[in-house]
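Please keep both in view while working through the topics below.

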Amino acid sequence: MADSSSSSTGTDASNNSVPTFVSSLVFNLVVAVALFVAFCILRPRFKRVYAPRTYAVAKEKRSSSVGNQPLAWLSAIFKVRDDEIIARVGLDTYMFLRFMRTMFIIFLVLSILSVVTILPVNILGENNLDGMSKLTMGNVKPESLKLWVHIVFFMVFVVWVMRAIFGELKIYTRLRIWWLTNPTHSSKVGASTILVSTLPAALTDNDSKLSEMFDMFPGGVRQVIVNRNCTKLEKVVEERNAFVSKLEKALTTYAVKCEQAHAKAIKKNTTYVAPKHPMTRESKIPFKGPKLDVFEFYSTQIATLNNKICDMSGGKEKFKRQSSAFVLFRKQIAAHMAGQTVLDYKPFSMNSVSLDVNPDDIIWSNLNMNPYDRRIRGYISFAATVGLVILWTIMTTALVGLISIENLKKIPALASMSNSKYFGLFSGIVPAVVLAVLMALLPMILRLLLRLEGTPRVSEVNLRLLHRFFFFQVWNVYLVMIFSTAIFSTATEALKDTSMIIKLIPANVPNAATPTLVYVLLLAFTGAAKEIMQITPLVLRYVMPMLFAKTPRAICDAEKPAEFDWGTSIPVHSLIFLMGFSYSFISPIVNCFVAAYFGLFYLVYRYQFLYVYNDTNWVTGGLSFPKAIQQIMVGVYISEVFMLLMMVAQLVAAKPINANVVLRVVFTAITLLLTVVAHLYINDAYLPIINYLPVRGASDIEANPEIATKFPN
C-alpha cells in the first residue's frame, strides 16, 4: 500500500513537471530575447540610461563610446584589460566580475561532466519514472551500484569548486595588497584614517591624551578630530538649501517665460516687455500676509541664513563632543595596526574601529551611541530578524501553496480548467514571480534594522546585509519553497505508515528539481534581460526629468549614473550557486541552466559596470568577495549534508545492510570532513591577510615605492 502511494506521488509530480518546465522555459526565453533585442535597438538612442559613464563621471573613469551597431557592445566590453577595469570601476567591481566568471566556469565544467556521466545513469535507471523525474537521481534504485557514479563525481565536483576558491582567494589577496598600497588609494587621507567609536569620556574630552595614545603606532598621529553634535547647524543648512532650491526653480521658470515673451515679440514684431516677477507670501498659511517679490524674499532669506550659519560655525566649542573620533595617522600601516589592536581595557570601550574612511559613507547619526545601547539594539535587531524569518516563512508557504495547481483544482469554478495548458504556464511562472516580489521587500526592512543597530557606515550596513539577506534567501527560497512539495508529500505518506519515512526522503526530494529549474530559468533569462534593459530607469530617467527636473541642478542630478545594489545582488547569485550545486548530482540538467545564468549575468554585468553603474561611495577594496566565498562554502556544506542524509536514509532502509550502502555513507562523510578542514584553512590563512595590510607588504613598498605602481601578474 505504501509503495503504491509513493509511486503514485512520484508519477503525479513527474507528469506535472514536464508542462511546467517547458512552459517556463519557452516563456522566459521569449521574454529574454525580446528584451535583449529591445536593448540592442535602444542602446545607441538613450545614452542617459545605457551609457552614462561615457560622459557623466570623472574623465579618468570614463569608458570609450560604443558604436551604434546592435552588437557593438559585446566586442567593446572584452577589449578592456583587468587593470583598466580596476582603474575605472574599482577593485570591488572587478572581484565581483571575477566571481561571476568563476561561477560560470565552475558550472560549465560541471555541466559537461554531469551530462556525460550522471545523466545517462539517471535516464537508464530502474525506477522507470516519467517526465523530468526520469532525468533525476530518483530514477535510480537505492540499492543500485550505479549510485557510485553520483558519489564519485560529486566528490570530484567538490574538489573542483574548492580548487577554484583557493585560486581566486590567492589572486584576491595579491590584488588587495596592491590596491591598498597603490598611490591612487594610499595617497588619500582616508587610507591612513580610522573612525573610532564608543570612546570613554576621559578621552572624548581630552584631545591631547587621545593623540598621545595613538602616537604609539608607527609614524605617530597627524591629527585627531573628535566628532561633535551639529544637529542645530544641520537644520539651518537644510533650511538655507531649501530656499536655494526654491530660488533656482523660480529663476529658471522666469527665464523660460522671458525667452518665450522675447520670441513672441520678435514673431509679432512688437516691443519686448519683460514678464512680471513672481510673487509669494512669507507665511505658510494660504492668503495670509502681504505679497512679496519672490527673488527679493528668497535672496534675503538665504543671506540671513548664511549669516546665521557663519555665526553658529564660528567656534567648534559651541558644539557638544560625541563619543567617536577620526584619527589621522602619518603612515597607512599605523591605521591598519590600530584597527586590529585592543585599544582599551574597559568592556566594549573603543571596540568599533573602521578603516578606509570616506565622509560620504558615514552614518553621522550613529556616531554618538553608548556601547551598551548599541549592543542592546543589536540583540533587538537579531530578534526582529528571526521574527521576520518566521513571518516570511508563513507568508511564502501560504502564498506558494495557495497558487499551486493542485490547490487551484480544488476550487469548483476552476476544476473544469485543470487540464488546460494555461494551468501549466500558471504553475510554472506565478509561484516564482510571487516569491521574487516577497523577497524584494526584505532588503528595505533589513537595512533599517542594521542602521538602527548603530552601524557607523553605509558600506558596513551593505556588507552585513550580504549575510542576512543570504540567510533569508536560503531559508525562504531554497528550503521552504523549493522543498515544500517534497516535505509535504513525505509527511503525508509518513502519517499512513511511519516506517516508510526513510524510504520516502530519497524518493520524493528529487522531485523538487523542477521548482529549482523554474526559479533558475526566471532569473537566468528574464532576470539577466531585465538587468541590461533597465526598464524602470529608462522610464524614470526620461519621463521624470520632463515632469520634475525644472532647474539646471535637477537636470544635472538626473544625468548621474545609477548605483549597484551590492547588499542584495550578491546573495541572489550565491543562492543560485547553492541551488545548482545541491542538484548537480541529482538532476544534471540544472547545471546547464545555472551555467547559462552565470554566463549571461557575467556579460550583462561587464557592460553595466563599464557603461552604466557608478558606485563612487562603495569603496571597500573588494571586501564583498570573501563574504561571497563564505556563502559559496555554505552552499557546498548544504549540498554535502543533503547528499549524506540521502545516503544515510538508504542505509537505514537497506535490508540487510551491506558494505555497498555503508561505504557510500563513509565516502560522503569523508568529503564533508575534508571540506571542513579546507574551510578552516581558508579562515586561518586568508582572512587575516584580506582584512588588514600586512607589515611585510608595507615594508616592501616603503623600501621600493615602484612596486605599488605595477599591476600584479
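Does Arg447 count as buried, partly exposed or exposed? At 22% relative accessibility, Arg447 counts as partly exposed, where buried means under 20% relative accessible area, exposed means over 50%, and partly exposed lies in between (1.4 Å probe, protein chains only). The model is predicted, so that local features need pLDDT of at least 70 and side-chain atom pairs count only at pLDDT 80 or more, whereas totals for chains, interfaces and linings use all residues. Residues are numbered from 1 along each chain as its sequence is written, and side-chain values use heavy atoms, with hydrogens and water left out.

**Overall composition**

- The secondary structure of the protein comprises 28 helices and six strands; these are DSSP runs numbered from the N terminus, with helices (H or I) of at least four residues and strands (E) of at least two.
- The protein has 713 residues, of which 50% count as buried.
- The accessible surface comes to about 34,400 Å², and carbon and sulfur atoms account for 66% of that area; accessible areas come from the Shrake-Rupley method with a 1.4 Å probe, and for residues only the protein chains shown count as cover.
- Among contacts between residues at least 6 apart in sequence, 81% join residues at least 24 apart; a contact means heavy atoms within 4.5 Å.

**Salt bridges**

- The structure holds 11 salt bridges, each defined as a side-chain nitrogen of Lys or Arg within 4 Å of a carboxyl oxygen of Asp or Glu.
- Asp565 is partly exposed, its relative accessible area being 30%.
- A salt bridge also joins the side chains of Glu702 and Lys331 (3.6 Å, N to O).
- That pair links distant parts of the chain, 371 residues apart: Glu702 is in helix H28 (residues 695–703), and Lys331 is in the loop between strand E5 (321–329) and H12.
- Glu702 is exposed at a relative accessible area of 55%, whereas Lys331 is partly exposed at 32% relative accessibility.
- Glu84 forms a salt bridge with Arg81, and their closest N and O atoms are 3.0 Å apart.
- Glu84 counts as partly exposed at 24% relative accessibility, and Arg81 counts as partly exposed at 49%.

**Helix packing**

- Helix H4 (residues 82–89) packs with helix H5 (residues 91–123) at an angle of about 130°, and their axes are 7 Å apart; axes are lines fitted to C-alpha atoms, for helices over the stretch in contact, and angles run from 0 to 180 degrees between N-to-C directions.
- H4 and H5 are therefore oblique to each other: angles under 35 degrees count as roughly parallel, over 145 as roughly antiparallel, 65 to 115 as roughly perpendicular, and the rest as oblique.
- H4 contributes Asp82, Ile85, Ile86 and Val89 to the contact, while H5 contributes Leu91, Thr93, Tyr94, Leu97 and Arg98.

**A buried alanine**

- Ala335 lies in helix H12 (residues 332–339) and counts as buried, with 0% relative accessibility.
- Leaving aside residues up to four places away in sequence, Ala335 touches Ala191, Ser192, Thr193, Ile194, Phe329 and Leu355.
- Ala335 and Gly220 are 115 residues apart in sequence, and their C-alpha atoms are 9.9 Å apart in space.

- Phe348 has a phi near 65°, a positive value in a residue other than glycine.
- Phe348 is found in the loop between H12 and strand E6 (352–354) and is partly exposed, with a relative accessible area of 27%.
- Gln534 is not a glycine either, yet has a positive phi of about 55°.
- Gln534 occupies the loop between helix H20 (513–533) and helix H21 (535–548) and counts as buried at 7% relative accessibility.

**Nonpolar surface patch**

- Ile657, Val662, Leu663, Val666, Phe667, Ile670 and Leu674 make a nonpolar surface patch of about 580 Å².
- Patches are made of residues with over 30% relative accessible area and no salt bridge, where like charges are joined within 9 Å and nonpolar side chains (Val, Leu, Ile, Met, Phe, Trp, Tyr) within 5 Å.
- Ile670 is placed in helix H26 (residues 659–685) and counts as partly exposed at 40% relative accessibility.
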